[in-house]
Amino acid sequence: MPKSILAVNAGSSSVKITFYTFENPPRTIADAAISGITAPPPTLKYQQGDKKHKEEVKEKLSTPQDAFKYLLQRCFSDPDLSEVTSVDDLEYICHRVVHGGDYRDAVEINDETLDHLKGLEDLAPLHNFSALEIVRLCRVELPKVRSITFFDSAFHQTIPEAIRTYPINQEIAEANGLRKYGFHGISYSFILRSVAQFLNKPIEKTNLIVMHIGSGASICAIKDGKSVDTSMGLTPLAGLPGATRSGSIDPSLVFHYTNEAGKLSPGSTSEMHISTAEDILNKQSGWKALTGTTDFSQIAVENPPSKAHKLAFDIFVDRIQGYIGSYYVKLNGELDGVVFAGGIGEKSALLRRTLIDKCQCLGLAIDNVANDKGPEDEETVKDISKGSSKGPRALVCQTNEQFEMAYHCACSRS
Ligand SMILES: Nc1ncnc2c1ncn2[C@@H]1O[C@H](COP(=O)(O)OP(=O)(O)O)[C@@H](O)[C@H]1O
Ligand SMILES: CC(=O)OP(=O)(O)O
Ligand SMILES: [Mg+2]
């Protein structure tokens with residue numbers, strides 16, 4: 001039987017896996033996800049062919065490793081899933097790792113690369129931990145299957161020096177790897193290729209402002225098919241606010257917030273050394289702190305349930321608008337399109353309309369019917385601009401990080 005590719009996207013509270021055929025382009029065989037690992041009970045979502053299914057998981061799954069093992073077992077034991085019945089059917093496992101330091105490309109896991117990634121964990125304990133736990137598990141339990149790690153940061157290696165450098169002591173910056181890296185790059189790579197194809201333009205001549213706005217949110221300026229700036233920085237905390245993240249704030253705020261800020265957080269483990277300040281700004285801020293919910297669909301509504309919900313929405317719009325203005329100027333006004341992606345970007349017609357209306361001076365104009373309808377299930381890119389508009393296109397792209405990894409794996413290894 002032909003072998004398959006497994007793509008894994010592990011976050012702090014969820015693990016998503018997708019099986020693909022090992023061909024170019026890969027075809028989806030099955031898709032499974034566990035969410036709510038940190039807020040039990042966990043929920044399983046499973047899709048195979050036309051079969052869709054959601055359930056609460058009874059077992060205790062308290063780590064990303066537990067969730068990954070559960071998902072694998074669940075898929076392997078599905079009698080309808082004849083294409084993958086055991087690890088013997090897998091050729092590669094692709095892992096999304098958020099922080100890849102100076103890596104410009106995906107790497108195959110071996111003793112040396114795993115050791116190097118271990119070093120990076122100190123720079124990004126909150127974001128690399130779950131993924132690397134699963135990489136380590138695969139090394140032990142699935143030793144015959146080759147693991148490839150794909151990095152969110154790799155897409156942004158083209159950001160110019162003056163933009164990626166923080167104005168601090170450069171010896172210290174270099175010794176500690178303190179610079180802007182940028183994230184969500186696997187998603188930006190998928191979006192760039194899909195949108196360039198949709199616009200019928202070569203990638204290397206495509207200029208875009210792309211928003212990946214989900215529970216973590218960032219925005220990227222792409223010039224001639226290359227990232228020239230993005231809102232996240234050394235870590236995914238910088239830039240836009242998110243479900244539980246503050247986004248950019250005056251760094252001095254940390255010293256006034258609590259005098260415990262610099263100490264190790266009570267949530268810190270022996271593997272994960274994070275300070276109280278990191279914990280507060282990454283996990284106890286954003287929409288959760290402002291409104292009590294992390295679900296933006298409760299915030300992005302015509303009649304918000306409270307003033308706090310309205311404020312959260314207005315803050316998000318303001319921060320995104322600021323970046324769009326800045327990136328439009330950085331791209332010299334030569335812009336093919338503004339692209340909305342990620343859970344919020346793909347689903348919130350209200351946020352898209354509010355932002356496009358506020359950016360009319362850049363020539364953006366929206367078709368309200370197309371915008372309200374949003375993309376169909378299988379529609380990767382949808383144009384929501386007014387037909388008569390001569391300005392940049394307003395587009396929605398249903399991004400797919402798992403597919404992007406499987407696609408590159410199949411392209412370069414088949
Ligand atoms: N209709 C909607 N309107 C606004 N936000 C939505 C809607 N549906 C889902 N979302 C938001 O999308 C976010 C999840 O985005 P996603 O990109 O899937 O997340 P993750 O960052 O976990 O990968 C959640 O914060 C959710 O509230
Ligand atoms: C980089 C990052 O913030 O990822 P996510 O949006 O998946 O949390
Ligand atoms: Mg995500």
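**Entry 1. Basis of the model**

I note that this is a predicted model, in which local features need pLDDT of at least 70 and side-chain atom pairs count only at pLDDT 80 or more, while totals for chains, interfaces and linings use all residues. Residues are numbered from 1 along each chain as its sequence is written, chains are lettered from A and ligands numbered from 1 in the order in which they are written, and side-chain values use heavy atoms, with hydrogens and water left out.

**Entry 2. Salt bridges**

I took a salt bridge to be a side-chain nitrogen of Lys or Arg within 4 Å of a carboxyl oxygen of Asp or Glu. The count by this rule is 23 salt bridges. Helices (H or I, at least four residues) and strands (E, at least two) are DSSP runs, numbered from the N terminus.

**Entry 3. Ligand 1**

I listed the residues around ligand 1, a residue being near if one of its heavy atoms lies within 4 Å. There are 13 of them, and the closest are K16, S215, D295, F296 and G343. Helix α11 (residues 342-347) supplies the largest share of this shell, 4 residues. By type, the shell divides into 2 nonpolar, 8 polar and 3 charged residues. Here Ala, Val, Leu, Ile, Met, Phe, Trp, Tyr, Cys and Pro count as nonpolar, Asp, Glu, Lys and Arg as charged, and the others, Gly among them, as polar.

I then checked polar backbone atoms against oxygen atoms of ligand 1. The distance is 2.8 Å for F296, 2.9 Å for G343 and 3.4 Å for T294. Taken alone, ligand 1 exposes 580 Å², and the protein buries 68% of that. Accessible areas come from the Shrake-Rupley method with a 1.4 Å probe; for residues, only the protein chains shown count as cover.

**Entry 4. Ligand 2 and H184**

I found R96, V98, D152, F183, H184, G216, M232, P236 and R245 around ligand 2. This shell divides into 4 nonpolar, 2 polar and 3 charged residues. A polar side-chain atom of H184 lies 2.8 Å from an oxygen atom of the ligand. For R96, a side-chain N or O atom is 3.1 Å from a ligand oxygen, and for G216 a backbone N or O atom is 3.5 Å from one. Ligand 2 taken alone exposes 260 Å², of which the protein buries 81%.

**Entry 5. Aromatic pairs**

I counted rings of Phe, Tyr and Trp (its six-membered ring) as paired if their centres lie within 6.5 Å; planes under 30 degrees apart count as stacked, over 60 as edge-to-face and the rest as tilted. The count comes to 12 aromatic pairs. One of them, F19 with F76, is tilted, at 6.2 Å centre to centre and 45° between the planes. It links distant parts of the chain, with F19 in strand β2 (residues 14-21) and F76 in helix α1 (residues 64-76), 57 residues apart.

**Entry 6. A cis peptide bond**

I noted a cis peptide bond between N24 and P25, with omega about -5°. P25 lies in the loop between β2 and β3 (28-35).

Notes. Polar contact = N/O pair within 3.5 Å; in protein donor to acceptor, adjacent residues only side chain to side chain.
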